[in-house]
Amino acid sequence: MEDELYLENIDEFVTDQNRIVTYKWLSYTLGVHVNQAKQMLYDYVERKRKENSGAQLHVTYLVAGNLVQNGHVCHKVAVVREDKLEAMKSKLATIASVHVYSIQKALLKDSGPLYNTDYDIVKTNLHNCSKFSAIQCAAAVPRTSAEVSQAQTSLQAGSQTQSDTNAVSVPVVNGHGPSTTKQPSQQPKGIMGMFAAKAASKPQDSNKETKAEAKEAPGVSAVSSKPPAKSNIMNNFFGKAAMNKLKVNSVPEQPKEEKEVVKPSVPVAEPESSPNTVVEKPGKKTEPARIQQKDKKSKMKRVDKSDNEEERDPENLKRKRKRIKQLQSDSSDEEDVPPSPTPEEEKAPSPPPVPALKTELEPASTEVSAGGRRRKRKRVLKSKMFIDEEEGCMVTEKVYESESCTDSEDDFAKSKPPAVHKQPALPMKKEPKEERKNLKKGAANANRANKQISITGFFQKK
Amino acid sequence: MFSEEAAPTAQGLLAPPSTEASTFARVPVSAYANCSQPFRLGERSFSRQYAHIYAARLIKMRPILEERARQKWGDGVAVRKLCELQVGEKSCVVGTLFKAMQLQPSILQEISEEHNLVPQPPLPKYVHPSDELILEDELQRIKLEGAIEVQRLVTGTILAVYGSEQDDGKFLVEDHCFANLPRPLPWKGPSSDRFVLLVSGLGLGSGSGESLLSTQLLVDVVTGQLGAEGEQSCAAQISRVILAGNLLSQNTQSRDTINKAKYLTKKTQAASVEAMKMLDEILLQLCTSVPVDVMPGEFDPTNYTLPQQPLHHCMLPLASAYSTLQLVTNPYQADVDGIRFLGTSGQNVSDIFKYSSMDDYLEILEWTLLAGHISPTAPDTLGCYPFYKSDPFILTECPHVYFCGNAPRFQSKLLKGEDGQQVLLVTVPAFSTTQTACLVNLRNLSCQPISFSGFGAEDDDGDMEVGH
């Protein structure tokens, strides 16, 4: 009974579906050993030809054996069409193996389609490509995650030695001691995540992040390799000074990451982005106006703009639309061209990372509101006009000027609870955006709440 | 070697399905040690001059050459430094060879405005009848003439010459000798058949699909999917696969940024990205079945100077999850099942090919072994890291298998030395052009090429014989 089943299957594949049935394709599809698949194909051919000698069936064979070539004996492995089979066999001094390679309805002009069929089926079965093979290797076991992280840390050992010594000074540099240990590590991740998103600045990055949303499981072992990779990207944008700070920031990340749940290594590319982006988001939310950060951003802005503008714009448009859909409340802020951190922000509301984020955000938001009450000095791009006596004209210059402002955080701290995880996100987002784009002054957000009540309101905050 | 063992069961699969399909276990890795530590670079500093390499080379090889000189020309031969030479006195001098070549590309000449030279196009060979040999030691240099083949030799070789200084200040050479084969290693080979597969020049990403099916057939043979049972059991005896360079094709090298406008090339992905993904998939298939050593080559994404450092594992995410994947340096040295392998991806041999009259890759390979140095032309014409106190390319122990990748065709030779050394020299052909790989049998140091082919539209009887 079972015998007949495979015959019917092959019949269906070849005649009905008009496929090229190679032994490998059959082996994976029916889940049988490769040798059995080859025998099945042979059996089918024999039976079909016996029943119906006019059957439209073309067969290719694999022939292997010794061939005398150029004076030495060469082991030849060849795929040949049926009509050339005997010719090939006669050429070989000793025949090592002959078996059916594939069956198809149409006559093949060349072996390209055979390759394509095999390639496709192997691609879909990459994770167990040796399952039906005749040779099993005991040594071929995937590396455990401990080994992987060990290999990675040994690679990073050289680059991180300097940053280890600076790790302690990070909180001091930031200007205020972190209340939670998460903050310094999240803030740098925020910076790095921001810069990585800008630096990479490819749709791939956003695709990775969307995928990360779907998968929550962190493949931590591979994460540690990403920060150094990101630091390298960042190298291109920054000088040494800023670079050192970034490196420093990546170190507190790693020990933290490695303490987390360790998962057996899976394809590195995908899982590694997921924990990073998950962690990046809280990082970004905890980056209210911090001076150091602003400096970086203002530096970044110049460099970044020239290189990545076009690349960012289509992304931004895409994200802009997304933002409107999800947040719905901040329509007036849409004219701000949102730079790349916004995708991270927007995705925050989506379900999977929310629980994680929410808990992290609670302390973050309280931090923010507490911090928001303070007066902060921010560097704002302003136009200064002055009269140039020599030339006898008025000169308008755009300069960075420190301005103290408290408005932004205040407004948002009062926002409603359900939207709490969105609202605190916004002021954080807003400020980096403003710094970078400088389309609105620091009080721009305040304008939303205090719309121009009277004509004098227009002149108030300048 | 496969064929004889496999022949009895050759037609076994031309039968209805049997209930039991036999599976063979891959031969276990009995003894493997990676000895490429000298080729690994840690902190790299390029602020040094290259003179240090030459100094280290001469210092290290001088005693060996003096020993050889005494063996060849008698114990009483006067070994002199160049500064101690007397006119007319027969003596032996050990030094570094420098070949002054007229056609050698010189960047200084190219950019010099006063010469108004058009940059020279790359030639296959830069030899010229007017080339001269000069011997240099620590302090002086002297021109060589006489019984010495100027065309054959290349810059950077350490040799000992026997002759005398002439009145005109040139050295008349009567005889010369090289370091010869280094000391032999004890033989600890396996007693049963064990194979190592050497492949090079896979050339992925070339845009032409000719060798793709052959590559797939290669992977299938090694992983035991192809072939009848006899062949599969033989394939199970392949204990290692060494990929000797040029995994990516030369076509993946540039985005044509020089010729194309920036707006066309700005967002194009380098061709090597796609090629690396293909390589990753192929390596994954191999790694699930056999230990693989991957050496980088001329067109692979690693550093340009010799010794090339291993490819980074982040480029091969799928395959590097397996411990059977080893990313190794170029040149590569390892003890596999008690047999010492040493080989390169072919840059050293092809560089000597360009600057010497020797035409045969196997001959050049043998010559480098006899000269006691893997790549004498580095750093003169082949990029090399400015080593300081050591020159890791000096051969100190005689390997059992010495190979070079990316040769135009397959050749092999068993070289026997005076002190009992036995070396199998193998030139591994570029797979993308020849669809041929090499199987080395560790038991008796024999080597057999294995070639793959599909069928094409123009296929007729005569086609198969043409050296594919």
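# A guided tour of chains A and B

Of the 468 residues in chain B, 56% are buried. The model on display is predicted.

**Stop 1: the two chains as a whole**

Chain A contains 20 helices and seven strands, and 52% of its 462 residues count as buried. For contacts in chain A between residues at least 6 apart in sequence, 73% join residues at least 24 apart. The accessible surface of chain A is about 21,300 Å², with 55% belonging to carbon and sulfur atoms.

**Stop 2: the sheet of ten strands**

Select the strands β1(A), β4(A), β2(A) and β3(A), then β21(B), β20(B), β10(B), β11(B), β12(B) and β13(B); in that order they form an open sheet of ten strands with mixed pairing. The edges are β1(A), residues 21–22, and β13(B), residues 325–327, each of which pairs on one side only.

Helix α3(A), residues 34–51, packs on this sheet and touches β1, β2 and β4 of chain A. The direction of α3(A) makes about 70° with that of β4(A).

In general, the strands of a sheet pair through backbone hydrogen bonds, in a parallel or an antiparallel sense. Select β2(A), residues 58–69, and β4(A), residues 94–104: they run antiparallel and are joined by nine bridges. Within this pair, Leu62(A) stands opposite His99(A).

**Stop 3: strand β11 of chain B**

Move along the sheet to β11(B), residues 238–244. Are the residues of this strand mostly covered or mostly uncovered? The strand is mostly covered, with seven of its seven residues buried.

Strand β10(B), residues 195–199, runs parallel to β11(B) and is joined to it by five bridges. Strand β12(B), residues 292–295, also pairs with β11(B) in the parallel sense, over four bridges.

**Stop 4: helix α2 of chain A and two partners**

Return to chain A and select α2(A), residues 23–30, with α3(A). Their axes lie 8 Å apart and the packing angle is about 115°; the two helices are therefore roughly perpendicular to each other. The crossing of α2(A) past α3(A) is right-handed. To show the contact, display Tyr23(A), Leu26(A), Ser27(A) and Leu30(A) of α2(A), together with Val34(A), Ala37(A), Lys38(A), Met40(A) and Leu41(A) of α3(A).

The axes of α2(A) and α5(A) are 9 Å apart, at an angle of about 30°. These helices are therefore roughly parallel to each other, and α2(A) passes α5(A) in a left-handed crossing. On the α2(A) side the contact is made by Lys24(A), Trp25(A), Tyr28(A) and Thr29(A), and on the α5(A) side by Thr117(A), Asp118(A), Ile121(A) and Val122(A).

**Stop 5: helix α9 of chain B**

Select residues 361–371 of chain B. Why is α9(B) largely enclosed by the rest of the structure? Nine of its eleven residues are buried, so the helix is largely enclosed. The buried positions are Tyr361(B), Leu362(B), Ile364(B), Leu365(B), Glu366(B), Trp367(B), Thr368(B), Leu369(B) and Ala371(B).

The elements covering them include, in chain B, the helices α2 (51–73) and α8 (347–355) and the strands β17 (401–407), β18 (411–416) and β19 (422–429). Gly372(B) follows α9(B) and has a positive phi, near 75°.

**Stop 6: Cys35 of chain B**

Finish at Cys35(B), in the loop between β2(B), residues 32–34, and α2(B). Which residues beyond its neighbours within four places in sequence are in contact with Cys35(B)? They are Gln333(B), Ala334(B), Asp335(B) and Arg340(B). Phe341(B) is 306 residues from Cys35(B) along the chain, and the C-alpha atoms of the two are separated by 9.3 Å.

Conventions: Residues are numbered from 1 along each chain as its sequence is written. Chains are lettered from A and ligands numbered from 1 in the order in which they are written. This is a predicted model: local features need pLDDT of at least 70, side-chain atom pairs count only at pLDDT 80 or more; totals for chains, interfaces and linings use all residues. Side-chain values use heavy atoms; hydrogens and water are left out. Buried means under 20% relative accessible area, exposed over 50%, partly exposed in between (1.4 Å probe, protein chains only). Two strands pair if DSSP finds at least two bridges between them. Axes are lines fitted to C-alpha atoms, for helices over the stretch in contact, and angles run from 0 to 180 degrees between N-to-C directions. Angles under 35 degrees count as roughly parallel, over 145 as roughly antiparallel, 65 to 115 as roughly perpendicular and the rest as oblique. A crossing is left-handed if the near helix is turned anticlockwise from the far one by less than a right angle, and right-handed if clockwise. Contact means heavy atoms within 4.5 Å. Accessible areas come from the Shrake-Rupley method with a 1.4 Å probe; for residues, only the protein chains shown count as cover.
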